[in-house]
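Here's my note for you to read alongside the model. Keep the viewer open and follow the points in order.

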Amino acid sequence: MSTRIAFLKGHGTENDFVIVPDPDNSVDLSPAAVAALCDRRAGIGGDGVLHVVRSAAHPEARAMAGEAEWFMDYRNGDGSVAEMCGNGVRVFVRYLQHAGHVTEGDVRIATRAGVRSAHLAKDGDVTVGMGRARLPEGDVEVSVGARRWPARNVNMGNPHAVAFVDDLAHAGDLLAPPPFSPASAYPDGVNVEFVVDRGPRHVAMRVHERGSGETRSCGTGACAVAVAAARRDGADPAVTGTPATYTVDVPGGTLVITERADGEVEMTGPAVIVAEGEIDAEWLEDALR
């Protein structure tokens, strides 16, 4: 291992990430190393790690290299691997621009949930094509203490349970994963969104992200919320033939989600690079002992 490892820090609506540029996939990011980097007291701090690798250099992404040069090897803050992270894609694209790999306009990014298209606007916002939502059948319920709510099962490349509540405070502290049933609905765990209405096509949410706890924002979660809200409101674009756009407030800002008539979900929001530096390899080795 080299004595220094480059890193950057960025966030999308305050969902924050440690960015590790590694085009050749030469940095060993074990789950323990990721957890150490994301530790907010003893490490750099973040909700997750964006490992930036050329698709051709990563065994999980080589098949996508012809469509997307760069692979977002995303890890949750606890070190576990995740299929997708919507805010992470926006920050990933912002990093590629910062590093001179892309310019304003369209770019395609490989993820474990497939290739995602993004557009980098002049005003700094990034729009990401998040793919189509899947709505698995079956009733789901989530709970916090004595309170229980029916939840909509929405898959945006990763699993979500969306519960509409009267007050966001009812979600509790969200330090631990909210219980859900049946267990078979989410064998690998789930991201849970609690949602209240703010106005026409305008909602607010809190989220417990699988592997990270409560975060200030969740891009795939905001998409899942918009899809669930459209179904609840009788605004399914596949039925109406008209795109449905929702403004989704998260603790860290605002995202705009549009589901088109063809089912494609688009997310637009900011992405910011706030710092860059070097990780001391000796510190990282000590942290893993």
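1. Which charged end sits over the ring of Phe 164? The answer is Arg 232, 4.3 Å from the ring's centre. For this label, NZ of Lys or CZ of Arg has to be within 6 Å of the ring centre and within 35 degrees of the ring normal.

2. A quick word on ground rules. This is a predicted model, so to speak of local features we need pLDDT of at least 70, side-chain atom pairs count only at pLDDT 80 or more, and totals for chains, interfaces and linings use all residues. Residues are numbered from 1 along each chain as its sequence is written, and side-chain values use heavy atoms, with hydrogens and water left out.

3. Next, the rings. The whole structure has 3 aromatic pairs; rings of Phe, Tyr and Trp (its six-membered ring) pair if their centres lie within 6.5 Å, with planes under 30 degrees apart called stacked, over 60 edge-to-face and the rest tilted. One of them is Trp 149 with Phe 194, edge-to-face at 5.6 Å centre to centre and 75° between the planes. Trp 149 belongs to strand S9 (residues 147-155) and Phe 194 to strand S12 (residues 191-199), so this pair ties together parts 45 residues apart in sequence. Strands here are DSSP runs (E, at least two residues), numbered from the N terminus. Both Trp 149 and Phe 194 are buried, where buried means under 20% relative accessible area, exposed over 50% and partly exposed in between (1.4 Å probe, protein chains only).

4. Phe 180 and Tyr 186 also pair edge-to-face, at 5.2 Å centre to centre with 85° between the planes.

5. Now find strand S7 (residues 126-132), where 5 of the 7 residues are buried. S7 runs antiparallel to strand S6 (residues 114-120), joined by 3 bridges; two strands pair if DSSP finds at least two bridges between them. Ala 118 stands opposite Val 128 in S7. In the hairpin of S6 and S7, 5 residues lie between the strands, and Gly 124 takes a positive phi near 100°.

6. What does S7 pair with over 5 bridges? That's strand S17 (residues 264-269), again in the antiparallel sense.

Conventions: Helices (H or I, at least four residues) and strands (E, at least two) are DSSP runs, numbered from the N terminus.
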